[in-house]
2 protein chains.
Amino acid sequence: MSDDFNLNCPVPIDNHKTVQLAHGGGGRMMRGLVEGTFLPAFAEKGKPFVPHDSAVLEPCDGRLAFTTDSFVISPLFFPGGDIGRLAVYGTVNDLAMAGAKPLYLSDGFILEEGLSMETLRRVVCSMRDAAAEVGVRIVTGDTKVVDRGQCDGIFINTAGIGAVPDGVEFSPGRVTPGDAVLVSGDLGRHGIAVMSVREGLEFEGALPSDCASLAGLVDAMLAAAADVHCLRDLTRGGLAAAVIEIAQHAGVGIELEESAIPIAEPVAGACELLGLDPLYVANEGRLAAVVRAEAAEVVLEIMQSHPAAQRPTIIGTVTDRHAGVVELRGPLGGRRIVDELSGEQMPRIC
Amino acid sequence: MSDDFNLNCPVPIDNHKTVQLAHGGGGRMMRGLVEGTFLPAFAEKGKPFVPHDSAVLEPCDGRLAFTTDSFVISPLFFPGGDIGRLAVYGTVNDLAMAGAKPLYLSDGFILEEGLSMETLRRVVCSMRDAAAEVGVRIVTGDTKVVDRGQCDGIFINTAGIGAVPDGVEFSPGRVTPGDAVLVSGDLGRHGIAVMSVREGLEFEGALPSDCASLAGLVDAMLAAAADVHCLRDLTRGGLAAAVIEIAQHAGVGIELEESAIPIAEPVAGACELLGLDPLYVANEGRLAAVVRAEAAEVVLEIMQSHPAAQRPTIIGTVTDRHAGVVELRGPLGGRRIVDELSGEQMPRIC
């Protein structure tokens, strides 16, 4: 159970203690769920609610960023977050990686018949709080209910729209030999936090997920007009998957300094215990930035003064050798290739 | 199995015969699935694919419409359509009901481990064909895989963005006593087509779902500058749920002529057999239009000459009696109230 869950959430509880098939049926019960649970959390205060098949939104300035993610994480609650926070941050972060200001989210719930209403309510409040924190509005949604045993509790899809400021282009195509590679914080917390609940492991010291919005951090980079070429959040497949993808699509090599990559002590210990490589473990509030060499120190300073970053570090450089290959240089100078895994070390991590 | 499935679809089959957990893991197998199955179907021809966390799209003219729907229909294939077509048309139709020109879709797949790749490929081709037919682009997506037994085959979420032309406002707020109520075609086909597969029923004569895009029909109304006040597509909860919602939010009464409501003979027969009321049965290619009385004949003519409409009919009028109530006038002049059901008569219909 997430410790920071806001128990003062004003969302009224549906009279039903559990979700029924009829809550997804388009009739009175669905209306009760929408008007009693979703609207109080997501609707704009002081505006009358008019149900519509689509939200109609004011014109956006600039290009649009558009993205989607489904969340099927198990368990629903984990140290430092829950599926609701994840569903907001995950899509917000995907928008931020394109340099976009996140504006609007949709939510699509797939609920299992028999799910506790109290659980649903906690998740909805969590989404509300995360959206308010980021300054993004949840403007449209959908609810489906499937029979008991045909989904696992709650699946959430969020799609997001953001506005990309003129002149901003973050893309592997801009990555150039000589660029510096940074990470915004220590790696592997999210995956290990989830695994610790699943496996019933206890670690010395708290080990919450890094689950957080990266939009503010990207905003700070944009405000400083830092020469950022490409950003990636380090979700499924971890740092390794993200930098391999950049190297392949930019047609460059990337060399990482093993000793520079920040890993918290409990994460390193847990990875050893579980036989996991932290470079491949999922994060939900970390990004890799590829920036012009001359901008590396500036971007590092921006990260150091931003609360969403923790132990940000310059971890490597882009090279013109071995296009598409990521190499890890060990403390004694030896090199090994960072391979692409076939899958994820842990399923249902997000 | 849908008869009109395009077996010449050029999407290469993944070497795996079934979906594995690793197909959702962010590694090589997920890349294989994306680059081998989704991109050939959805990516723009002749443009290099650059993977990104978000799609970046040209600025839109006018206000934005934004909507989302998850599709959990069982079975995946039914007479006249499948979950892929439904996932495209459903979201396109929600955009069209706001008067928006549908522009972009996202797709979020949740797949069950062990799902046949051939099934996935058929669904993806179906989405591709439906999107091409409507002229909407699938620009961003996400794939999650859950363990066997933790979802039922395939769930799909689509979110959509459309552009609302200046001056267009379709909303219950514009509905006024005296307005005419029309439906674009006969009711209940989708629900009965799905039930016939589930229950193993055979009907005399073909009974395909009405599953179709309504965007072209709405376009034709806009082009004619017809005085349309409010549109609703008649999905979950059928005609009854849609008109009750309009009556309640517009604060008006709605009176429907029972004998005018078009129901195809096999649908009427099946409803009798199954104990269903066709007014509440789901459609996936029908809309109700509330229009200024003087515009009713024009809108009817537009519908009559459009292939997405079938037996379009003026079925009732908006009144200033009994705000929020929908009444059905029988052939002999008797009236009964159309009640809001608590749920849907059939779960997992979309």
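With which residue does Glu245(B) form a salt bridge? In this predicted model, the partner is Arg232(B), and the closest N and O atoms of the two residues are 3.0 Å apart. Glu245(B) belongs to helix H6 (residues 238-250) of chain B and Arg232(B) to strand S9 of chain B, so the contact ties together parts that are 13 residues apart in sequence. Glu245(B) is partly exposed, its relative accessible area being 25%. Arg232(B), with a relative accessible area of 3%, is buried, because the cut-off for burial is under 20%.

A further salt bridge in chain B joins the side chains of Arg292(B) and Asp227(B), at 3.0 Å from N to O. This pair links distant parts of the chain, 65 residues apart. Arg292(B) is located in the loop between strand S11 (287-291) and helix H8 (296-304), and Asp227(B) in the loop between helix H5 (215-223) and strand S9 (228-233). Both residues count as partly exposed: the relative accessible area is 39% for Arg292(B) and 27% for Asp227(B).

Over all chains, the structure holds 42 salt bridges. One of these, in chain A, is formed by Glu255(A) and Arg321(A), whose closest N and O atoms are 2.6 Å apart. Since Glu255(A) lies in strand S10 (residues 253-257) and Arg321(A) in the loop between strand S12 (313-319) and strand S13 (326-329), the pair ties together parts that are 66 residues apart in sequence. Glu255(A) is buried, at 9% relative accessibility, whereas Arg321(A) is partly exposed, at 39%. Both residues also take part in a network of salt bridges that links them with Glu257(A), Glu327(A), Arg329(A) and Arg335(A).

Nonpolar packing was examined next. In soluble globular proteins, nonpolar side chains tend to be buried together. The largest nonpolar core of the model comprises 104 residues. Within this core, the residues with the most contacts are Leu120(A), Leu239(A), Ile254(A), Leu256(A) and Leu287(A). Helix H2 (residues 83-97) of chain A makes the greatest contribution to the core, with nine residues. At least three residues of the core come from each of domain 1 (4-164) and domain 2 (172-337) of chain A.

How values were computed:
Residues numbered from 1 in each chain as written. Chains lettered and ligands numbered in written order. Predicted model: local features only at pLDDT ≥ 70, side-chain atom pairs only at ≥ 80, totals over all residues. Heavy atoms only, no water. Salt bridge = Lys/Arg side-chain N within 4 Å of Asp/Glu carboxyl O. Helix = DSSP H or I, 4+ residues; strand = E, 2+ residues; numbered from the N terminus. Buried < 20%, exposed > 50% of the residue type's maximum accessible area, 1.4 Å probe, protein only. Core = buried A, V, L, I, M, F, W, Y, C linked by side-chain atoms within 4.5 Å. Domains from an automatic or database assignment.
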